[in-house]
Amino acid sequence: MILVLISVFAFGVIHTLTAGQFKRWFRDRFGERAYDGLYRVFYNILSLITLAPISLLFSLRPGDIVWTIDLRWEPLLLIIQAIGLIGLVISLLQIDLGRFLGISQLFAYIRGAPLPLPDEKLQTGGLYRFVRHPLYLFSILTIWPVTTMTQGYFGFCVGATLYFLIGSIYEERRLIRYFGQDYEDYRKRVSRIVPFI
C-alpha cells in the first residue's frame, strides 16, 4: 500500500511539474506555436505513461485484503460505478473534448491553422451546475465502490482521491487567472467537488 501511495505521489509531482515548470521550458525550447499546438497532447500522453506503472503495481502486488463487502451489495456498488462512468462521459462531452485531449491543438498545428485556439467559454451548465469539478467527483465514484479492497488498490484510491482534492486547488487558481471574476462568481454559487456542500 505504501509503495502505491508513493507512486501516486510521484505521479502527482510529475503531473504538477509538467503542468507548471516544464510548460515554461517547453515553450522556451520549442517556441510559442509548438507549445500551443503540441504541449497538451504531449502532457496527456506523458500522464498515461506515468499512470500505467501505478496500475501495474497495485495489480501485481495487491497485498492483503483491507475489507470485503457481502456480495449482496455488489449490484449497488456496480450502480454507483456506472453513475461514475456515465457522469465522467457526460462531463467530458460538456467541455471541448478535443481541446482537453490536445487533439484540436495538434490538428491546428499540423494544418498550419492559427494558434492558440480561441478562448474557451466557462462551462457552468449541465453537471457543472452542481459541482465545479465533476470529473473528479465521478472519478471518485468510479474507483471506490468495490466488494474486495486490497491494500494496493486502497493505496491507489487514497492517493488518487488526495490527488483530486489537491489538484482541484491548483486548477482553481488557474481557472481564476483564465476566467477572472466570472469564475469567482461561479465559485460562490457552486460546490467544488461534493454537490451542495
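This briefing describes helix H8 and its packing against helices H7 and H9. The model is predicted. Helix H8 covers residues 151–179 and contacts H7, residues 134–143, as well as H9, residues 181–189.

**Helix H8 and its end**
- H8 contains 29 residues and spans 41 Å from its first C-alpha to its last, close to the 42 Å expected at 1.5 Å a residue.
- Glycine 180 follows H8 and has a positive phi, near 65°.

**Packing of H7 with H8**
- The axes of H7 and H8 come within 10 Å and cross at roughly 175°.
- Angles over 145 degrees count as roughly antiparallel, and H7 is therefore roughly antiparallel to H8.
- On the H7 side, the contact involves Tyr136, Ser139, Ile140 and Ile143.
- On the H8 side, the contact involves Tyr153, Phe156, Cys157, Ala160, Thr161, Phe164, Gly167, Ser168 and Glu171.
- By class, the residues of this contact between H7 and H8 comprise 8 nonpolar, 4 polar and 1 charged.

**Packing of H8 with H9**
- H8 and H9 pack at an angle of about 130°, and their axes lie 6 Å apart.
- The two helices, H8 and H9, are therefore oblique to each other.
- H8 contributes Glu172, Leu175, Ile176 and Phe179 to the contact.
- These residues meet Gln181, Asp182, Tyr183, Glu184 and Arg187 of H9.
- The contact of H8 with H9 is made up of 4 nonpolar, 1 polar and 4 charged residues.

Notes: Residues are numbered from 1 along each chain as its sequence is written. This is a predicted model: local features need pLDDT of at least 70, side-chain atom pairs count only at pLDDT 80 or more; totals for chains, interfaces and linings use all residues. Side-chain values use heavy atoms; hydrogens and water are left out. Axes are lines fitted to C-alpha atoms, for helices over the stretch in contact, and angles run from 0 to 180 degrees between N-to-C directions. Helices (H or I, at least four residues) and strands (E, at least two) are DSSP runs, numbered from the N terminus. Angles under 35 degrees count as roughly parallel, over 145 as roughly antiparallel, 65 to 115 as roughly perpendicular and the rest as oblique. Contact means heavy atoms within 4.5 Å. Ala, Val, Leu, Ile, Met, Phe, Trp, Tyr, Cys and Pro count as nonpolar, Asp, Glu, Lys and Arg as charged, and the others, Gly among them, as polar. The expected span of a helix is 1.5 Å times one less than its number of residues.
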